[in-house]
Amino acid sequence: MLLELINVEVIYSDVILVLKGVNLEVETGTIVALLGANGAGKTTTLKAISGLLHAEDGRVTAGSIRLDGRAIQTEEPQNLVRAGLVQVVEGRKILPHMTVQQNLMVGGTVLASRAERERMIEKVYGYFPKLAGMRQRVSGYLSGGEQQMLVIGRALMAQPRLILLDEPSLGLAPLIVAEIFELVARLRRDEGIAFLVVEQNAKIALRIADRGYVMENGRIVLT
């Protein structure tokens, strides 16, 4: 088992209980969809896994989050990236004043050498040929779909084994959404990358997922 959540509880500001005994599994090389309405706790689940809760006064107060069988709920996010776990946060958080190429280089800072980063950049451009022709374009001028491709490409630069993908379809046209999800399926097939995808569009997410979880009010209610 690559990722396992066992009875995880999360509290914000020592007062607000958001996750209430969440159990979830992601096997190596699989795609898992986490579905539910706004406010169900999906994004909090991803941030609990990636260590980003600390920036929002949140913490895991019970249960265990395990990567390769090792508890990671107290790990720093940068250490988890080095261990192969990367989150693509909701809202296409690019570095808007930097070029496409520079955004990708930032994603590869965990790699050992510049040569390795450049090799990975060319690999990313192979998956996103549209970005290859925009290497020197300032990323803030990209379309929404192009920005979504860029943030996924930036995540790939770290050579992850597991990508946490938060609402990739948000605000995008249906054809672009289909293209993004086809790419996710291809990355799983070609690179063996596992994905935990938070999504409100259940139809398209379940089309490529090996397993789906439905969340309501901080609990998993259906698998």
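1. Q200 is placed in the loop that links β8 (194-199) with α8 (202-208); helices (H or I, at least four residues) and strands (E, at least two) are DSSP runs, numbered from the N terminus. The coordinates are those of a predicted model, in which local features need pLDDT of at least 70 and side-chain atom pairs count only at pLDDT 80 or more, whereas totals for chains, interfaces and linings use all residues. Residues are numbered from 1 along each chain as its sequence is written, and side-chain values use heavy atoms, with hydrogens and water left out.

2. Q200 counts as partly exposed because its relative accessibility is 41%; buried means under 20% relative accessible area, exposed over 50%, and partly exposed in between (1.4 Å probe, protein chains only). Leaving aside residues up to four places away in sequence, Q200 touches G36, N38 and E167, where contact means heavy atoms within 4.5 Å. R188 is 12 residues from Q200 in sequence, and their C-alpha atoms lie 21 Å apart in space.

3. Six strands make up an open sheet with mixed pairing, in the order β6-β7-β8-β3-β9-β10; two strands pair if DSSP finds at least two bridges between them. The edges are held by β6 (85-88) and β10 (219-222), each with a single partner strand, so one side of each has no neighbour in the sheet. From one strand to the next, the twist averages 25°. Within this sheet, β3 (residues 31-35) and β9 (residues 211-216) pair in the parallel sense over four bridges, and V32 has R211 as its bridge partner in β9.

4. Helix α1 lies across β3, β6, β7 (162-166), β8 and β9, and runs at about 150° to β7. Helix α7 (residues 174-191) also packs on the sheet, touching β3, β7 and β8, with its direction at about 160° to that of β8. For these values, axes are lines fitted to C-alpha atoms, for helices over the stretch in contact, and angles run from 0 to 180 degrees between N-to-C directions.

5. A four-stranded open sheet has the order β2-β1-β4-β5 and antiparallel pairing. Here β2 (16-26) and β5 (70-71) stand at the edges with a single partner strand each, so one side of each lacks a neighbour in the sheet. Strand β1 (residues 3-12) is joined to β2 by eight bridges, and L5 has L24 as its bridge partner in β2. Helix α1 packs on this sheet as well, touching β1, β2 and β4 (58-67), and its direction makes about 110° with that of β1.

6. What is the burial of helix α1 (residues 42-50)? Eight of its nine residues are buried, namely K42, T44, T45, L46, K47, A48, I49 and S50. Just after α1, G51 adopts a positive phi of about 85°.

7. Helices α3 (residues 100-107) and α4 (residues 114-127) have axes that come within 10 Å and cross at roughly 120°. The two are therefore oblique to each other, since angles under 35 degrees count as roughly parallel, over 145 as roughly antiparallel, 65 to 115 as roughly perpendicular and the rest as oblique. V100, Q101, L104 and M105 in α3 meet R114, R117, I121, V124 and Y125 in α4. The residues of this contact comprise six nonpolar, one polar and two charged; Ala, Val, Leu, Ile, Met, Phe, Trp, Tyr, Cys and Pro count as nonpolar, Asp, Glu, Lys and Arg as charged, and the others, Gly among them, as polar.
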